[in-house]
Amino acid sequence: MSICAKDALAKAIYSRLFEWLVTHINKTLKTSVRKTDGRTSKNKSIGILDIYGFEILQNNGFEQFCINYCNEKLQKLFLDLTLKSEQQEYLSEGIEWTVVDYFDNGIICDMIEERHKGIISCLEDESLKQTDVCNNLILLNELARRFKEHEHFSCYQTANDPQFKRTIILPTEFVIKHFAGTVTYNASSFLEKNNDSLFGNLSQIMSSSTNEIIKTIFSDCQTPNKKIPETTIKQFKKSLNRLINTLSSKEPSYIRCIKPNNYKESDNFDEEVISQQVKYMGLVEILRIRKAGFAYRGQFEVFLNRYKCLCPDTWPDWTRRFGGVAVDAVKRLIEHLQYTNEDYKIGKYVNSSSKYRK
């Protein structure tokens, strides 16, 4: 067995064993709520996603590229679920709104993962071409050709300033201006680390292991597979997209952690370091939107049923007077409470899911 195949097998065992362990723990902790009629209801759960965070090290390699790509995608999701969707909701409801501008890092995500054009596509193409010898200079030349005009990418081949070449970037490096900062990546081992040498015959052998756990985690490899294994970055991208789809279907809450300094020192608060993080996380824009918006947003019927007792015209049964049109009853209730136009806005009333804002 070659060294590459041995390392690939070790990584596969570790990865599959970790997933098996997490699944086994979740099944053990899973509880169900039994109703009075004997049926079992679907249990609700809270998931916690702990992200290590953006990495800018002295030497940034393939691992840091994957980690920062993940953070770039999660930042994009965060922007879409907060800054973008928040403002679109006001506009779609026909409420007067001054758009708050923010930096949308979608241009960086596209540069990394766009189909047939992005950095990942380039890495995939070169990995397939170079099965025996990994020439990363060819990879860098191709990246330079594809992104020579891109404002968030630079490398030795695209730099016109000789001083920049000598002091900032080496021939084996490329630079990406991420949302959280500029990172210089050492590409000298990108192709080697991207190629997965775990071919189907090795996986099939593991599926017949005498160790029950090993046999279980490789049970999906019992059928011979002679295809070339998926590259590491392709597997990582698939896993990341599954995570993004899961998060998009939930109602997330965020805890954004601020690093006080770059030296892991206690009682050391570097104002420049903190300000940079607050800026790139979009926290300033979020505060501006929250300040300009309305704290309460709810459906007309829900609002009315809760506060109808405050107005004689809506209590106890507002449907008799307003014919079941909740928006008219809400307007009468607000008039009775003598709110000003700055205190509330009425959204579009189409059906029961329409919003009333205050």
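1. Is Cys66 buried or exposed? Cys66 counts as buried, at 7% relative accessibility. Buried means under 20% relative accessible area, exposed over 50%, and partly exposed in between, with a 1.4 Å probe and protein chains only. Cys155 is buried too, with a relative accessible area of 0%.

2. A word on the source. This is a predicted model, in which local features need pLDDT of at least 70, side-chain atom pairs count only at pLDDT 80 or more, and totals for chains, interfaces and linings use all residues. Residues are numbered from 1 along each chain as its sequence is written, and side-chain values use heavy atoms, with hydrogens and water left out.

3. Overall make-up. The protein has 15 helices and eight strands. These are DSSP runs, numbered from the N terminus: helices are H or I with at least four residues, strands are E with at least two. Of the 358 residues, 36% count as buried. Contact means heavy atoms within 4.5 Å. Among contacts between residues at least 6 apart in sequence, 61% join residues at least 24 apart.

4. Gln75. This residue is found in helix 2, residues 62-92. Gln75 counts as buried at 4% relative accessibility. Neighbours within four places in sequence aside, Gln75 is in contact with Asn105, Phe179, Arg256, Tyr280 and Met281.

5. The second largest pocket. About 410 Å³ of space lies in it. Of its 17 lining residues, Ile120, Ser121, Glu124, Lys234 and Lys237 are the closest to the centre. Helix 4 (119-129) and helix 10 (232-248) are the elements that give two or more residues to the lining. A pocket is an open set of points on a 1 Å grid over the protein atoms alone, where a 1.4 Å probe fits, with protein on both sides within 12 Å along at least five of seven lines; lining residues have an atom within 4 Å of a point. Grid points are joined across faces, edges and corners, and the volume is the space filled by probe spheres set on the points.

6. Helix 4. With five residues, helix 4 gives the most to that lining. Helix 4 is also mostly covered, with eight of its eleven residues buried. Among them are Ile120, Ser121 and Glu124.

7. The hairpin. Strand 4 (residues 173-178) and strand 5 (residues 181-186) pair in the antiparallel sense over six bridges. Two strands pair if DSSP finds at least two bridges between them. A hairpin of two residues joins strand 4 to strand 5. His178 has Gly181 of strand 5 as its bridge partner.

8. Backbone points to check. Most residues other than glycine have a negative phi, and most peptide bonds are trans. Lys264 has a positive phi of about 55°, and phi of Asp267 is near 55°. Lys264 is in the loop between helix 10 and helix 11 (271-280), and Asp267 lies in the loop between helix 10 and helix 11. Lys264 counts as exposed at 82% relative accessibility, and Asp267 at 75%. The peptide bond from Trp315 to Pro316 is cis, with omega near 0°. Pro316 sits in the loop between helix 13 (300-307) and helix 14 (319-322).
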